[in-house]
Amino acid sequence: MTSQTVPALSFVTMGISLLFGIAIPVGLFIYYRKKYDCKIKPFLTGFAIFAIFALVLEGIFHTITLGGGRQQALMAKPVLYGLYGGFMAGFFEETGRLLAFKTILEKSQDNDNTALMYGAGHGGFEAFYLLFATNRCPHRKAEFHLPLPKPYLLQFYNPQLPHLPPPYPQFLR
């Protein structure tokens with residue numbers, strides 16, 4: 001087995017990406033909070049809604065619908081796979097946003113600052129999560145071991161996952 005080295009520039013660019021993934025959401029939070037006297041609640045709501053709807057609920061849905069070989073069938077049709085991914089992301093994230101603004105943020109719906117802070121929390125957590133969970137070096141010895149789960153969609157690219165061939169609709173064949 002040969003030892004492979006990772007170029008220093010790879011580590012530098014990964015570090016810069018992580019820095020921006022943290023600095024931009026935190027910077028937006030501080031800026032909106034100080035300049036417009038925004039509340040923390042919409043920021044934390046956006047943060048939580050992304051985590052619950054996009055990672056947990058959408059992940060469970062993908063596990064159910066794409067399990068057992070259906071994922072390979074769908075990936076064989078890139079247009080259908082792209083439509084599926086886009087519709088599911090839109091459905092879960094927008095449903096979460098609707099529920100958040102109809103329940104938790106109901107009293108401040110007409111305030112533009114609420115939308116800005118919600119977006120900073122939602123998008124900030126998404127950027128932070130994707131950078132932290134996926135910013136790993138491809139070389140085994142230099143891999144970062146983070147205590148975060150992989151994004152659900154990335155786990156479906158693992159060819160070693162066991163799949164049973166169930167029947168699937170004709171349009172996927």
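Phe92 is buried, with a relative accessible area of 10%, where buried means under 20%, exposed over 50% and partly exposed in between (1.4 Å probe, protein chains only). The structure is a predicted model, in which local features need pLDDT of at least 70 and side-chain atom pairs count only at pLDDT 80 or more, while totals for chains, interfaces and linings use all residues. Residues are numbered from 1 along each chain as its sequence is written, and side-chain values use heavy atoms, with hydrogens and water left out.

Now to the aromatic rings. Rings of Phe, Tyr and Trp (its six-membered ring) pair if their centres lie within 6.5 Å; planes under 30 degrees apart count as stacked, over 60 as edge-to-face and the rest as tilted. By this rule there are 10 aromatic pairs. Tyr32 and Tyr36 make a tilted pair, because their planes stand at 40° with the ring centres 6.2 Å apart. Of these residues, Tyr32 is buried at 14% relative accessible area, whereas Tyr36 is partly exposed at 37%.

Phe92 pairs with Phe61, also in a tilted arrangement, at 5.7 Å centre to centre and 55° between the planes. Phe61 belongs to helix α2 (residues 40-66) and Phe92 to helix α4 (residues 78-102), so the contact ties together parts that are 31 residues apart in sequence. Helices are DSSP runs (H or I, at least four residues), numbered from the N terminus. Phe61 itself is partly exposed, with 31% relative accessible area.

A further group, Phe47, Phe50, Phe125 and Tyr129, forms one aromatic cluster.

Technical notes. Helices (H or I, at least four residues) and strands (E, at least two) are DSSP runs, numbered from the N terminus.
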